[in-house]
Amino acid sequence: CSSDLIAAEPGLDVNPAIRFIAREGTAAQPFSVHRSSNSRRKTQTTVHIDVAGEDFPARARSMLFGNPKDVRAPPPMLGDDKIDILIIHGIERMHSGTQRRLARAIRDGAFRASASRTMQPVYPRIIFTYSVEATRSGGGHLGADGPVFPPESDLNAALVEVLPGQLVRLP
């Protein structure tokens, strides 16, 4: 499983960096699925999840790992072989337990879907965006050698350990 991290200060447009990493033509709205074509390769399916809003962080877990309480729910996005790239915006807003579970899935390349006893492979490449607050002294959390995730950051330590495969820092 491949994962990448885009760290940017609030208000910066991360879409150009997403397009660069994903080699994607356009950015989609939250929760949308779109297909784009590139003459040099096959059509890709990209899913954007924006972990914003009051109830969405809890729903993100169901979208990623499945929802055993709803038989009509779509399959877990992590195990969907039709999704090439999964972009999770605002990873710092996701619940710590979900971040930890996601870190295990990235590290192992497989996950256990909700209410399932079998492991499923993680198919999509995952791109995370992380909003880094700048500080008045010291120039912010974006250091010369990469982002500095202080102990009070909203990222789970297990997730920080498996990130990034590639890091893009936006000033």
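Hi everyone, thanks for coming. Before anything else, please keep in mind that what you see is a predicted model.

Let me start with the overall layout. The protein has 171 residues, and 44% of them count as buried. It contains 4 helices and 10 strands. If you walk along from the N terminus, the elements come in the order β-α-β-β-α-β-α-β-β-β-β-β-α-β. The accessible surface is about 9500 Å², with 49% of that belonging to carbon and sulfur atoms. And here is a number on how the chain folds back on itself: take the contacts between residues at least 6 apart in sequence, and 65% of them join residues at least 24 apart.

Now to the strands, and to strand 4 in particular, which covers residues 85-89. How many of its residues are buried? The count is 5 of the 5, so strand 4 is largely enclosed by the rest of the structure. You can see this on both faces: Ile85, Ile87 and His89 are buried on one side, and Leu86 and Ile88 are buried on the other.

Which strand does strand 4 pair with over 4 bridges? That is strand 7, residues 125-131, and the two run parallel. To find your way around on screen, look for Leu86 opposite Ile126, and then for Ile88 opposite Phe128. Strand 7 also pairs with strand 1, again in the parallel sense, over 6 bridges. There, Asp4 has Ile127 as its bridge partner. Strand 7 has 5 of its 7 residues buried, so this strand too is largely enclosed by the rest of the structure.

Let's stay on strand 7 for a moment and look at Thr129, which lies in it. Is Thr129 buried or exposed? Its relative accessibility is 6%, so Thr129 counts as buried. A polar atom of the Thr129 side chain lies 3.1 Å from the backbone nitrogen of Gly90. Beyond its sequence neighbours within four places, Thr129 is in contact with several residues, including Ile6, Val14, Ile18, Ile88 and His89.

His89 brings us to another polar pair. The side chains of His89 and His48 make a polar contact at 3.0 Å. His48 sits in strand 3, and this histidine is buried, with a relative accessible area of 1%.

A polar atom of the Asp84 side chain lies 2.8 Å from the backbone nitrogen of Thr45. The C-alpha atom of Asp84 is also 4.6 Å from that of Pro124, although these two residues are 40 apart along the chain.

On to the helices. Helix 1 spans residues 15-22, and its buried residues are Ala17, Ile18, Ile21 and Ala22. Looking down the axis, these fall within an arc of 120°, so they line one face of the helix. As a reminder, an α-helix has 3.6 residues a turn, so residues three or four places apart point the same way.

Helix 2 covers residues 56-65, and Phe56, Pro57, Ala60, Met63, Leu64 and Phe65 are buried in it. Their arc, seen down the axis of helix 2, is 165°, so they also line one face.

The largest nonpolar core has 31 residues, and the members that touch the most others are Leu78, Ile88, Leu102 and Phe128. At least two residues each come from strand 1, strand 3, helix 2, strand 4, helix 3 and strand 7. Which element gives the most to this core? It is helix 2, with 5 residues. Phe128, leaving aside neighbours within four places, is in contact with residues that include Leu5, Ile88, Ile91, Leu102, Ile106, Leu159 and Leu163. There is also a second, separate core of 12 residues, with Ala8, Val14, Ile21 and Ile127 among them.

If you remember one thing, look at strand 7: it pairs with strand 4 and with strand 1.

Key
Residues are numbered from 1 along each chain as its sequence is written. This is a predicted model: local features need pLDDT of at least 70, side-chain atom pairs count only at pLDDT 80 or more; totals for chains, interfaces and linings use all residues. Side-chain values use heavy atoms; hydrogens and water are left out. Buried means under 20% relative accessible area, exposed over 50%, partly exposed in between (1.4 Å probe, protein chains only). The arc is that of the directions from the helix axis to the C-beta atoms. Two strands pair if DSSP finds at least two bridges between them. Contact means heavy atoms within 4.5 Å. Accessible areas come from the Shrake-Rupley method with a 1.4 Å probe; for residues, only the protein chains shown count as cover. A polar contact is a pair of N or O atoms within 3.5 Å; within protein, one must be able to donate a hydrogen and the other to accept it, and residues adjacent in sequence count only if both atoms are side-chain atoms. A nonpolar core is a set of buried Ala, Val, Leu, Ile, Met, Phe, Trp, Tyr and Cys residues joined through side-chain atoms within 4.5 Å.
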